[in-house]
Amino acid sequence: VGGAWTTFRGRRLKVAAAHPVAAPEAAEPGELVADVVATGDGGLQLRRVQPEGKGVLDVAAWRNGARPAEGERLGEPT
């Protein structure tokens with residue numbers, strides 16, 4: 001069984017649980033706003049993610065450790 005994944009700071013980030021929501025206003029695709037990543041068709045609210053080499057985490061725990069900067073995007077090379 002496959003799963004959705006992207007990259008964050010050049011490392012793989014598996015999306016373990018998420019659901020579609022409205023896109024954050026003025027956000028570009030890939031941009032992370034709180035726990036929502038903007039997509040071309042709306043937004044995806046992340047619930048659980050698995051960073052490369054780590055176990056599955058609640059998105060709040062991941063954000064506390066990763067500390068994404070404002071405007072930082074998923075899926076972009078470092």
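Let us begin with strand β1, residues 4–8, and strand β2, residues 11–21, which pair in the antiparallel sense over 5 bridges. Strands here are DSSP runs of E of at least two residues, helices are runs of H or I of at least four, and both are numbered from the N terminus; two strands pair if DSSP finds at least two bridges between them. This is a predicted model, in which local features need pLDDT of at least 70 and side-chain atom pairs count only at pLDDT 80 or more, while totals for chains, interfaces and linings use all residues. Residues are numbered from 1 along each chain as its sequence is written, and side-chain values use heavy atoms, with hydrogens and water left out.

Is glutamine 45 buried or exposed? It is buried, at a relative accessible area of 17%, where buried means under 20%, exposed over 50% and partly exposed in between, with a 1.4 Å probe and protein chains only.

Finally, the largest nonpolar core has 11 residues, including Phe8, Leu46 and Trp62. Such a core is a set of buried Ala, Val, Leu, Ile, Met, Phe, Trp, Tyr and Cys residues joined through side-chain atoms within 4.5 Å. Helix α1, residues 59–66, is among the elements supplying at least two residues each, and α1 gives the most, with 3 residues.
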